[in-house]
There are 2 protein chains.
Amino acid sequence: MRIVRSDKLRRRPGGHLEVPERALRPQTALGRVIGRFRTTLFGRPIATEAEQEQRLSKVTGLAIFASDNISSSAYATEEAMRSLALAGAGALALTMPLSIAIVAILAVVVTSYLQVIRAYPQGGGSYVVASENLGVFAGLAAAAALLIDYVLTVSVSVAGGVLAITSAFPALVDEKVWLGIGFIGLLTVGNLRGVREAGLLFAGPTYFYVVSVVGIVAIGLFRSISGDLPAPVPPPETIPTIEALTPFVVLRAFSSGSVGLSGTEAVANGVTAFKRPEARNAGVVLVAMGVLFGSLFLAISFIATRIGLEPDQSETVSVLSLLTRSLVGVGPYYYVLQAATAVILILAANTSFSGFPRLASILATDRFMPRQFAQRGDRLAFSTGILALALISSLLLAHYEGSVTGLIPLYTVGVFIAFTLSQAGMVRHWMRLRERGWQISAGVNGIGAVVTFVVLLVVAGTKFTLGAWQVLAIMPLIVLLLYGIHRHYRSIEDDLLVSVKRPVRVTATRPLVVVPVSRLDRPALQALRIARGLSGDLVAVHVSYGNEGAERFKQRWLDVVGRDTRLDTIVSPYRALIPSLLRYVDAVDQGDRGRPIVVVLAEFVPRHWWEAILHNQTALALKLRLFVRRNTVVLDVPYHLDDPEPVDLQ
Amino acid sequence: MRIVRSDKLRRRPGGHLEVPERALRPQTALGRVIGRFRTTLFGRPIATEAEQEQRLSKVTGLAIFASDNISSSAYATEEAMRSLALAGAGALALTMPLSIAIVAILAVVVTSYLQVIRAYPQGGGSYVVASENLGVFAGLAAAAALLIDYVLTVSVSVAGGVLAITSAFPALVDEKVWLGIGFIGLLTVGNLRGVREAGLLFAGPTYFYVVSVVGIVAIGLFRSISGDLPAPVPPPETIPTIEALTPFVVLRAFSSGSVGLSGTEAVANGVTAFKRPEARNAGVVLVAMGVLFGSLFLAISFIATRIGLEPDQSETVSVLSLLTRSLVGVGPYYYVLQAATAVILILAANTSFSGFPRLASILATDRFMPRQFAQRGDRLAFSTGILALALISSLLLAHYEGSVTGLIPLYTVGVFIAFTLSQAGMVRHWMRLRERGWQISAGVNGIGAVVTFVVLLVVAGTKFTLGAWQVLAIMPLIVLLLYGIHRHYRSIEDDLLVSVKRPVRVTATRPLVVVPVSRLDRPALQALRIARGLSGDLVAVHVSYGNEGAERFKQRWLDVVGRDTRLDTIVSPYRALIPSLLRYVDAVDQGDRGRPIVVVLAEFVPRHWWEAILHNQTALALKLRLFVRRNTVVLDVPYHLDDPEPVDLQ
């Protein structure tokens, strides 16, 4: 067999072949239009070898992995204050101590994750750490918790961003679900362009937000030091006091504030996305993120309580917005900060768009998810994971009709489950390896595990009836699903893989060739021609609904094809075309056990795809039935309208 | 090749084979459960030869083909009165003259159709008559009008029947669409059991209605003759006078009343469904139907106006119901008649269930509709047409939310278009043949054509803005669709059919066999084994995303399969698996023009259908792309988990 090499298929050094990028482009006119559209939207394909060049610098890495965490500074203070305010304005004095406690826990978590990065430089999310040290189910529990949280992050932060927009333009309020899905669509396209380009696209807004908030915080701190703090702008509606200041209220406020810790996991999960040295760069980004979020959060809490702000019952004006109004009034700066906040809230979703597909790809590599999730698209992005995340979070958003209040309580439980499992796993890790100084490392992670576990109990306890129970209920189902997929792949693997090392004898067996013919037209002759070339024993078979039809067909066959090729005619009084053919194949099989049966089906390829409904329905039904039959293979012979004459018809 | 004959495949006299009914039954456990369910619902298969036994007697034929027409007696009087009442109670005096005019037109139509049946004993609906005598587009116009009307008949009469039920049980009013779809489902199952069984199932209610109405009409006539007529029961709400009694009002009332002529066409369309002598039996049934409907309609109009009944504005009590109450009060007989009316209204839809599939099968035989419509199911019913009618009428019912008022104005225009075309066609028919006495026949049909055309103008004119315009707008689209399908089939036919009469030489060409292999597992070895048996030149091809992978695979190939089978390795830096394989096939094709290429694809058959999502996605995508490629056929080699070892692996 001669294989023509050309500019479409060339030989590479090392004896392999290669199809250059040019030749991969679409060959038809329509295909080229779609291809051009694709390229405009997603960019040109990127070669696997270029993976290094697609890695993230520290600056873009921070924008990609930290936008979720940093964006929480826009609402973490408010969430805590809102919870406290239910116990009276006096309880707001606890805002600052609670903020300090949360930042302390953040410090513990960051330190612990620094150790994770050091120990797992190939990318160590909670799933990897937990499954390696605590067993597969701990790993899957961490994975399920994180997958849920990534989805929720997208829905919640897009809903939050849309809320900021609809507050400014109330006319859009009926379109909020579509607006949200539109933003998810933009994030999807951005991320399908590849992780690096998404970083470049979305870095601007992240840094713009950081600079804006640092500015207002600096003004606040300066005026606080100079004793020049303004009177607070009152909220449109104060929250009424409805309960006493019990320890439960304090813990609930703490849970609400600790929403700011979500997203910390993303960096450790994505170490391999960084430029070399990966672990070092990831560590720097992790610390930068912690410091940025921590100081913004503390500063906002400090200034808000010093001024004496109160949160707004109706949720139309945020605490950060009241703080800005108090300090600089409603001017250009105020609007800039509002815009930056709306944008960062939507961009928080972007962290999930790098975290979810990355975790899914690790799970797929370990065979816990369908293998499509492990394949990189032509831009090196994990396309299937990106699309799955976009789909699920859009459905969730639509289900909750774009409401933030409905989604928020489901949040944060998952994060702390993952934190706890990962820290506990790290303790086991150090105890097993016992490297130099392992006691200190184990101690650090041990403290992390205990602290995050306590926070988990607090969050689950105070938010259980508000919606956290749904997450806790669905988690085991996801774990079972992942495990079920794994068991399926494993059992198949055992059955399919061939472990021999020495040559095996692949014997050739002449097949029995069966050609069902409904009438003698060009497709049928084409099928016969191919069937004759297959070197097996050949028989054609025709099903009629009555004796006359069978007789007529037999005569025509003898006239046109002759006696060279055997023809069997079946009369089916019950018009049971497909069952009759199946029983016939059974009879052929019984007659010659062991030899494979090739059923040759003539199919007509219509000019337009929509014409397909008018043809080949029977062939399709027959094919489906034969597919599950043992020892039988189906050879599809398509006939195109402008194929050359299959036989000499002159 | 030896083909084992057994109780599953036996030889018939005449040398043909046959699969007995026993062997056609499902072979798997699940299949048997489904099969038993099918048999219970639809009955055992009926052999084609038994078609004669499935024919209709005159008694069942009347029930099948006349239920639509006869059921109109329940509301035709009322429709006319309701239209007249808008011009004041005095205008109701015109009810009786209008009824007589409508019955006169019915007489003309019945006489004309008797001639159609005589001239077209093989079944002569308006489509056949018009297309044969006036050309294909007149025929298609008649067909489109009738198809629309059949669908509307189902939607309207089911909606009417459901209205009768919800009037009695107002609690069900929210479920009216589901109730309606439920009734359509019952009619569908009944008709899939075959035309004869549907007749037997539905004959009872039809005759029950006729007997009940004849009873009340007899009482009324008797009391009228004996001068003992009661005072009218007043309607819950009288219709207010809003216009003067203009000729337009009279014509509109005439249009409304002539709804009673719909369904007359069905008998002529279904002549072949009758026992021998078909034409005679059909004629008797047609006359019986005309006499039954005509006398019931006239009698109801007569008694209603003699008593002095007025229609009810709110549509909660029908005129027939008021008439019964006036004559016999609200007693058992009243309820029996109400029940009979509700049932006959729903059964009116049944006429469409025999008319629509029959017309569709004639159109499909003439290649104006997809050929599935011409195939009889295993109970000899035209299953595709029945299912299509059920689906479309359910959608229409759901679209109009089950409202009769919304659907009624669309009705009757179609019927009169079909009438006019068919009568005009008959005039041409007689003029062409000039048999003995043709002048009389042509005269009868000529009068029919003129009368029905005038009625058509009246109906279209008075109902145009109420909704008839929609039917007139959609008709040309349906004509174009039917014609487009025809042109497609015709052009394909020309290209596909082989007209030679003498033997042709079907030469065998050795194919080039290409086996894409992604890894060396059992399915791949199975595919290789089959491919080796095909006697063509064989090459295996593997696509890697990098040099190392290609190298590794090549080594493994040499270890296991050896050098006997050629392997080409393609490195695709852009992870473009399918385009690379397609370019490779191009190169094979260029190297050896003319020889067909067989691409052998290993496919894994999972144990459960839902596992399929985890496998074979790539093979499926490749298959679709290769299907449209010239000179290429695809051989699917399924691997089942418990297939024997494809090669000796010890």
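These legends describe close-up views of a predicted model.

Residues are numbered from 1 along each chain as its sequence is written, and chains are lettered from A and ligands numbered from 1 in the order in which they are written. In this predicted model, local features need pLDDT of at least 70, side-chain atom pairs count only at pLDDT 80 or more, and totals for chains, interfaces and linings use all residues; side-chain values use heavy atoms, with hydrogens and water left out.

**View 1. Chain A as a whole.** Chain A holds 22 helices and seven strands. Helices (H or I, at least four residues) and strands (E, at least two) are DSSP runs, numbered from the N terminus. Of the 650 residues in chain A, 57% are buried. Buried means under 20% relative accessible area, exposed over 50%, and partly exposed in between (1.4 Å probe, protein chains only). Among contacts in chain A with a separation of 6 or more, 79% come from residues 24 or more positions apart. A contact means heavy atoms within 4.5 Å. Chain A exposes about 26500 Å², and carbon and sulfur atoms supply 63% of it. Accessible areas come from the Shrake-Rupley method with a 1.4 Å probe; for residues, only the protein chains shown count as cover.

**View 2. Where chain B meets chain A.** The contact takes 131 residues from chain B and 132 residues from chain A. Together the two chains bury about 11600 Å², with 57% of it on carbon and sulfur atoms. Buried area is the accessible area (1.4 Å probe) that two parts lose on being put together, summed over both. Ten residue pairs are in polar contact between the chains, both residues at pLDDT 80 or more. A polar contact is a pair of N or O atoms within 3.5 Å; within protein, one must be able to donate a hydrogen and the other to accept it, and residues adjacent in sequence count only if both atoms are side-chain atoms. The count of salt bridges between chain B and chain A is zero. A salt bridge is a side-chain nitrogen of Lys or Arg within 4 Å of a carboxyl oxygen of Asp or Glu.

View 3. A:Asp521 lies in the loop between β3 (512-516) and α19 (522-532) of chain A. A:Asp521 is buried, at 8% relative accessible area. Its side chain makes a polar contact of 2.9 Å with the side chain of A:Arg519. Leaving aside neighbours within four places in sequence, A:Asp521 is in contact with B:Leu496, B:Leu497 and B:Val498.

**View 4. A salt bridge between A:Arg510 and A:Asp537.** The closest N and O atoms of A:Arg510 and A:Asp537 are 3.4 Å apart in this salt bridge. The pair links distant parts of the chain, 27 residues apart: A:Arg510 sits in the loop between α18 (438-496) and β3, and A:Asp537 in strand β4 (residues 537-544). A:Arg510 is partly exposed, with a relative accessible area of 44%. A:Asp537 also counts as partly exposed, at 21%.

View 5. A:Asp568 forms a salt bridge with A:Arg566, with the closest N and O atoms 3.3 Å apart. A:Asp568 is buried, at 8% relative accessible area, whereas A:Arg566 is partly exposed, at 32%. In a second salt bridge, the side chains of A:Asp586 and A:Arg583 meet at 3.0 Å, N to O. About one helical turn separates A:Asp586 from A:Arg583, because they are three residues apart in helix α21 (residues 577-591). Both are buried. A:Arg583, A:Asp586, A:Asp589 and A:Arg629 are linked in a network of salt bridges.

**View 6. Helix α6 and its packing.** Helix α6 (residues 126-134) of chain A has buried residues including A:Tyr127, A:Val128 and A:Val129. The buried residues of α6 pack against α5, α7 (136-168), α11 (265-269), α14 (332-365) and α17 (413-433) of chain A. A:Gly135 follows α6, and its phi is positive, near 100°.

**View 7. A:Ser67 in helix α3.** A:Ser67 lies in helix α3 (residues 58-71) of chain A. A:Ser67 is buried, with a relative accessible area of 1%. Its side chain reaches the backbone oxygen of A:Leu347 at 3.2 Å. Not counting residues up to four places away in sequence, A:Ser67 touches several residues, among them A:Thr206, A:Ile344 and A:Asn350. The C-alpha atoms of A:Ser67 and A:Ala349 are separated by 8.0 Å, though the two are 282 residues apart along the chain.
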